[in-house]
2 protein chains.
Amino acid sequence: MTIKSFHPPQRVLMGPGPSDVSPRVLEAMSRPTLGHLDPVFVAMMDEMKVLLKYAFMTSNELTMPVSAPGSAGMETCFVNLVEPGDKVIVCQNGVFGGRMKENVERCGGIAVMVQDDWGRAVDPQKLEDALKANPDTKVVAFVHAETSTGAQSDAKTLVEIAHKHGCLAIVDAVTSLAGTPLKVDEWNIDAIYSGTQKCLSCTPGLSPVSFSEQALEKVKNRKSKVQSWFMDLNLVMAYWGGATKRAYHHTAPINALYGLHEALVILQEEGLQNSWARHQKNHLALRAGLEAMGLKFVVPESERLPQLNAITVPEGVDEAAVRAMLLSDYGLEIGAGLGAMAGKVWRIGLMGHASNPRNVRFCLSALDDVLGRIKAPVQHGVALDAANRKLAG
Amino acid sequence: MTIKSFHPPQRVLMGPGPSDVSPRVLEAMSRPTLGHLDPVFVAMMDEMKVLLKYAFMTSNELTMPVSAPGSAGMETCFVNLVEPGDKVIVCQNGVFGGRMKENVERCGGIAVMVQDDWGRAVDPQKLEDALKANPDTKVVAFVHAETSTGAQSDAKTLVEIAHKHGCLAIVDAVTSLAGTPLKVDEWNIDAIYSGTQKCLSCTPGLSPVSFSEQALEKVKNRKSKVQSWFMDLNLVMAYWGGATKRAYHHTAPINALYGLHEALVILQEEGLQNSWARHQKNHLALRAGLEAMGLKFVVPESERLPQLNAITVPEGVDEAAVRAMLLSDYGLEIGAGLGAMAGKVWRIGLMGHASNPRNVRFCLSALDDVLGRIKAPVQHGVALDAANRKLAG
């Protein structure tokens with residue numbers, strides 16, 4: 001056995017994440033490793049919390065990155081806030097609502113599912129009805145930006161309804177953070193988790209989370225211990241919390257945190273609102289190009305995420321073959337459909353660092369070429385002009 | 001608010017981990033990010049499994065890195081192998097046995113604790129007695145290399161005893177992997193977890209694990225679902241397992257995995273046995289220097305880990321002040337005591353890339369200087385000669 005060093009090719013990542021990572025972030029990750037209790041590192045952790053509060057638009061003291069991917073951020077919310085026997089309403093409009101159900105049930109909770117069509121926003125009226133029918137509900141959970149479909153739900157309204165019925169609200173913001181308006185304090189979100197590999201354009205592996213005072217009250221007053229030692233906020237708080245002395249909990253992923261710190265510094269330099277506007281502008285340009293080709297969006301216009309464009313695969317086209325050609329001939333990754341949408345849609349991400357005019361033009365040119373070669377039923381030679389008009393505007 | 005990019009100082013990491021990271025590993029982490037289902041990345045995952053099997057000395061098919069730190073690797077073993085009501089004997093001889101107890105109880109298991117003195121190996125006779133007294137025990141768990149004390153236990157014998165009584169054995173190898181002999185197949189270990197930031201000299205954040213066929217049988221035949229969705233091996237296997245098509249579970253920490261791959265390539269280049277021998281040789285040199293100064297080891301000679309040297313703080317010395325001076329004047333990090341040993345011991349790591357003659361000499365010189373300045377009751381000007389004799393031998 002002799003295995004050599006791994007030298008990955010340079011891709012353009014326009015799938016549902018990971019998205020292209022800024023060279024600044026990659027460089028930051030290669031800086032010298034510090035001990036996880038080194039005073040210099042601890043000072044960096046404090047900066048990280050300030051930067052994450054900025055990104056989430058919150059003053060929540062417990063705002064920090066979980067030392068594992070977004071799925072673990074999701075689980076951190078559920079294991080801390082759901083006790084055995086608790087009824088939780090999960091609004092599902094894609095793959096990730098299903099994962100929430102799994103989390104509720106594995107915590108011993110009772111999941112009441114409120115189903116919406118995949119590709120649509122969560123319907124607030126259905127949530128309202130479900131809460132009336134289940135007055136003993138403790139928690140409401142939904143996905144702000146469904147990565148599997150590209151649909152955006154009205155988080156503010158959904159949280160309002162949850163609170164009206166005395167429930168805490170858990171919000172999945174894996175794909176929304178930094179790409180589309182998200183206001184944790186203004187919308188009174190109780191618990192939220194995100195990922196680093198979407199609109200923050202950091203490498204995957206960490207999950208920023210934030211918890212309100214009310215949510216922490218519930219955690220502190222649990223009747224049973226949190227079933228996960230690794231994710232128990234009572235313990236994590238002693239390391240990431242505001243205490244003067246940091247207590248060892250687990251060894252923090254030092255260099256991954258350097259990367260996230262740099263990604264957040266970049267976000268702060270650009271400004272959160274400017275980042276949202278950039279995502280929107282590039283989305284509109286990509287959309288103009290795709291629609292000029294005759295490709296159709298899965299999600300109605302008013303519910304669309306700018307950072308994740310799900311489009312229907314044209315009749316008769318082998319979607320996997322198209323993705324394989326894009327990857328081999330252009331080094332371009334776009335995403336396949338997930339779950340019920342597998343084989344039926346492509347998901348084109350314009351996230352974070354990858355949301356730029358060059359990528360819009362590159363993706364449209366590549367798609368135009370590949371779809372032309374396989375004689376797909378689309379309009380050729382028109383996408384770039386349409387996108388350019390939007391980019392110039 | 002304006003927070004700038006973070007530029008950490010260059011330390012020499014000779015604590016209990018993270019240890020100094022090879023520049024090759026840091027550089028690998030800064031390579032271009034790939035998608036987690038990219039065929040090139042999936043091929044790298046296959047190499048990673050081969051390399052981890054080599055490091056663990058196992059042919060276990062389920063050998064892979066958990067996408068989170070060692071504490072999550074520990075929890076992955078317990079949540080999968082312990083069902084509610086299962087009796088688990090935990091041999092505790094330091095901090096991490098206590099963490100195992102927490103894990104057992106949070107899984108709904110019944111933990112029977114077998115206590116040994118901190119700083120000593122686990123006593124096989126006590127385990128034998130406990131198993132005779134508790135014939136309904138399902139699992140035995142112990143720490144191979146106690147990071148809190150520097151004691152090494154006889155994993156082979158402990159696993160034999162567990163098997164004789166029909167139990168599965170879970171072994172914590174966070175600090176032992178690659179630093180001291182560890183033979184998963186030869187010793188018939190059922191489930192093992194480690195960390196990347198000790199003798200592999202990778203950055204923290206991943207936890208290599210390996211599970212035997214018998215262990216996986218138990219996981220597949222569970223009566224209840226694994227309580228953690230993120231750590232459920234039934235799901236993780238579909239992504240990391242031998243299947244021809246990888247199913248999406250969570251987004252893998254791509255760049256962190258590049259780092260681990262490179263760390264394992266370095267291990268393979270050196271050879272596992274050579275790595276063990278190097279750790280032993282540098283330990284003996286450090287030991288000679290420390291003993292020449294009059295410093296005393298916590299652990300008896302036959303039970304000592306070469307990669308983690310716990311020494312007693314001399315009478316009247318402010319141990320935290322010494323560590324602070326080492327850090328500020330030399331950029332040298334050594335570890336404090338944990339748990340019951342806080343304030344009483346220093347822990348000097350010689351792990352992975354950091355286990356080299358330069359570090360042995362550097363640490364001894366720095367200690368000699370700092371202890372001299374605070375007038376500690378130790379012998380001065382003799383440590384380096386003693387170490388040099390060992391290094392020349």
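Predicted model: local features only at pLDDT ≥ 70, side-chain atom pairs only at ≥ 80, totals over all residues.
1. Start with chain A. Its domain assignment gives two pieces: domain 1 runs over 22–268, and domain 2 over 272–392. If you take the C-alpha centres of these two domains of chain A, they sit 29 Å apart.

2. The two domains of chain A do touch: 25 residues of domain 1 are in contact with 23 residues of domain 2. On the domain 1 side, look for helix 2 (39–56) and strand 7 (151–152) of chain A, the elements that give two or more residues to that side. Sorted by class, this side of domain 1 has twelve nonpolar, eleven polar and two charged residues.

3. Now for the contact between the chains. Chain A puts in 68 residues, and chain B puts in 68 residues. On the chain B side, at least two residues come from each of helix 1 (23–29), helix 2 (39–56), helix 3 (70–81), helix 4 (95–106) and helix 9 (254–270). Helix 9 of chain B gives the most, with eight residues.

4. What is the class make-up of the side of chain B that touches chain A? It holds 31 nonpolar, 24 polar and 13 charged residues.

Notes. Residues numbered from 1 in each chain as written. Chains lettered and ligands numbered in written order. Domains from an automatic or database assignment. Contact = placed C-beta atoms within 7 Å. Helix = DSSP H or I, 4+ residues; strand = E, 2+ residues; numbered from the N terminus. Nonpolar A, V, L, I, M, F, W, Y, C, P; charged D, E, K, R; others polar.
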